[in-house]
Amino acid sequence: MLDAATNSLVPASTGLILAATAVAIFAYNGYGAAAYFGEETQDAKRSIGKVVLWALVITVAAELIPLTAVLLGSPDLTALLAAPAKIEYFLEARGGHALTVVVSLAIAIAIFNAVIAIVLQASRLLFSSGRDKTRFGPINNAVASVHGTYASPWVATIVVSIAAAAACFIDLSLLLVVSGTSLVVIYALLCLAAVAGRRNGTTSEGHYRMPLFPLPPILAFVALVYVAYQNWLDVAFGRPSLLATLAIVAVAAVYYVVFLARRADWTMHAPEEIEEIAG
């Protein structure tokens with residue numbers, strides 16, 4: 001890492017690396033989004049698991065290989081780490097301005113495509129929440145409504161798009177850390193769910209069986225707890241983001257126990273029921 005005081009390279013501490021893991025998780029996250037569209041996928045029970053794992057492999061390779069190449073191929077590692085736009089610095093140094101422009105345009109197109117995918121994913125989730133009656137009557141009806149011609153959740157898509165536009169006004173550093181720490185909590189809950197599901201039998205009918213169980217969820221959970229601890233030590237961004245994430249989880253838990261669990265009309269639909277409901 002670069003020491004800003006001396007402008008020299010110094011070894012990064014283990015705590016600093018783990019504190020940055022939350023943001024790194026956010027950078028690699030997204031491979032599980034295929035599950036959001038499981039109801040529209042043919043033979044989803046058998047194919048979604050493979051899609052998620054292949055997406056993970058491709059994501060890690062597509063990010064790790066270029067990043068490693070930049071670090072190894074940079075003419076000046078100190079200048080690279082000090083540069084505000086590190087990839088741009090590397091491209092200018094090694095390929096010239098024309099290559100920088102071409103790659104920058106490609107990155108812009110990729111970001112635009114990623115935004116579209118995220119909006120579709122979040123809109124599908126919001127639509128499902130209304131369809132499954134997890135909210136109040138008028139809100140359920142609105143977000144669960146679909147376009148008469150295209151059968152798309154148009155209201156949910158508009159709501160998500162407005163929320164995404166509003167997020168552009170949030171401090172970028174805080175937004176990255178909040179997104180990362182929320183994923184740390186989500187992944188930790190998934191680890192607990194994997195163990196609980198195997199113990200109580202709710203996952204016994206699943207088509208994918210985790211190898212080396214229970215080692216993967218236990219190791220991942222311990223690592224995530226330590227990552228959360230290191231982020232808690234970061235009083236500028238890490239601690240506020242963890243508190244915000246825990247507050248959201250607490251509100252969701254209270255909402256479920258006090259309101260949702262007592263409603264007779266709330267139900268989680270099985271995939272085979274969706275076509276009938278839509279018809």
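I started with the fold and found 12 helices and 2 strands. For the record, helices (H or I, at least four residues) and strands (E, at least two) are DSSP runs, numbered from the N terminus. Reading along the sequence, I get the pattern β-β-α-α-α-α-α-α-α-α-α-α-α-α.

Housekeeping: this is a predicted model, where local features need pLDDT of at least 70, side-chain atom pairs count only at pLDDT 80 or more, and totals for chains, interfaces and linings use all residues. Residues are numbered from 1 along each chain as its sequence is written, and side-chain values use heavy atoms, with hydrogens and water left out.

I checked confidence next; pLDDT is the predictor's confidence in each residue, from 0 to 100. The protein averages 84, and 92% of the residues score at least 70. Contact here means heavy atoms within 4.5 Å.

Then I looked at how α3 and α5 pack. The axes of α3 (residues 44-73) and α5 (residues 86-95) come within 11 Å and cross at roughly 55°. Axes are lines fitted to C-alpha atoms, for helices over the stretch in contact, with angles from 0 to 180 degrees between N-to-C directions. The two helices are therefore oblique to each other; angles under 35 degrees count as roughly parallel, over 145 as roughly antiparallel, 65 to 115 as roughly perpendicular and the rest as oblique. I noted Ala69, Val70 and Gly73 of α3 meeting Ile87, Phe90 and Arg94 of α5.

The peptide bond from Phe213 to Pro214 is cis, with omega near 5°, and Pro214 sits in the loop between α9 (172-200) and α10 (215-233).

Lys133 has phi near 60°, a positive value in a residue other than glycine, and lies in the loop between α6 (97-131) and α7 (137-143). Lys133 is partly exposed, at 35% relative accessible area. Ala151, also not a glycine, has a positive phi of about 55°. I found Ala151 in the loop between α7 and α8, exposed at 57%. Buried means under 20% relative accessible area, exposed over 50%, partly exposed in between (1.4 Å probe, protein chains only). Buried residues make up 21% of the 279 residues.
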